[in-house]
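Trainee: Could you walk me through this structure, one question at a time?
Mentor: Happy to; let's look at it together.
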Amino acid sequence: MTPNEARDALIARRADLLGRIAGIDDRLDDPVDRDSEEAAIETEDDQMLQTLGAVERAEVARIDAALDRIANGSWGVCVKCGEPIAEKRLATLPETPFCASCAG
Ligand SMILES: [Zn+2]
């Protein structure tokens, strides 16, 4: 995978995540009727949605960092040990900053 291909894949993935985050935020904004019997269930739902949102936001942050590395030419090199990251690993995880051994 070339840096250009990685950038395209990361940008597409990022747009997808942002769409999902927007959807989650919309559902969180729904007014909760505290008097309804469903209020407790809805609150639990909201907590689950917030957790999901946090996971997606963390992935967007990793993608942004990878896009920065593509821009400055350091993409594809492990940020920890400085060794090149295996092509196969980059194809599956273009946003990873670590080689397989450093990622543990
Ligand atoms: Zn490494």
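Trainee: What is the average pLDDT of the protein?
Mentor: pLDDT is the predictor's confidence in each residue, from 0 to 100. Of the residues, 89% score at least 70, and the protein's average pLDDT is 89. This is a predicted model, in which local features need pLDDT of at least 70, side-chain atom pairs count only at pLDDT 80 or more, and totals for chains, interfaces and linings use all residues. Residues are numbered from 1 along each chain as its sequence is written.

Trainee: Which elements does the protein have, from the N terminus on?
Mentor: Helices (H or I, at least four residues) and strands (E, at least two) are DSSP runs, numbered from the N terminus. The protein has four helices and zero strands. From the N terminus on, the order is therefore α-α-α-α.

Trainee: How far apart are the end C-alpha atoms of helix α1?
Mentor: The expected span of a helix is 1.5 Å times one less than its number of residues. Helix α1 (residues 3-29) has 27 residues, so it should span 39 Å. The value in the model agrees with this: 38 Å.

Trainee: Is R14 buried, exposed or partly exposed?
Mentor: A residue is buried if 20 or more other C-beta atoms lie within 10 Å of its own, exposed if 12 or fewer, and partly exposed in between, with C-beta atoms placed from the backbone. R14 lies in helix α1, where A6, L10 and I24 are buried. Because R14 has 18 other C-beta atoms within 10 Å, R14 is partly exposed.

Trainee: Which residues does R14 touch, not counting those up to four places away in sequence?
Mentor: Two residues are in contact if their C-beta atoms, placed from the backbone, lie within 7 Å. Along the chain, R14 and E56 are 42 residues apart, yet their C-alpha atoms are separated by 9.3 Å. The residues that R14 touches are V60 and I63.

Trainee: Is T43 buried or exposed?
Mentor: T43 belongs to helix α2 (residues 39-71). Because 12 other C-beta atoms lie within 10 Å of T43, the residue is exposed.

Trainee: Is I85 buried or exposed?
Mentor: I85 is in the loop between α2 and α3 (87-92). Its contacts, leaving aside neighbours within four places in sequence, include G76, V77 and C78. With 22 C-beta neighbours inside 10 Å, I85 therefore counts as buried.

Trainee: How many residues make up the largest nonpolar core?
Mentor: A nonpolar core is a set of buried Ala, Val, Leu, Ile, Met, Phe, Trp, Tyr and Cys residues joined through C-beta atoms within 7 Å. Among the members are I85, C78 and C99, and C78 touches both I85 and C99. The total for this core is eight.
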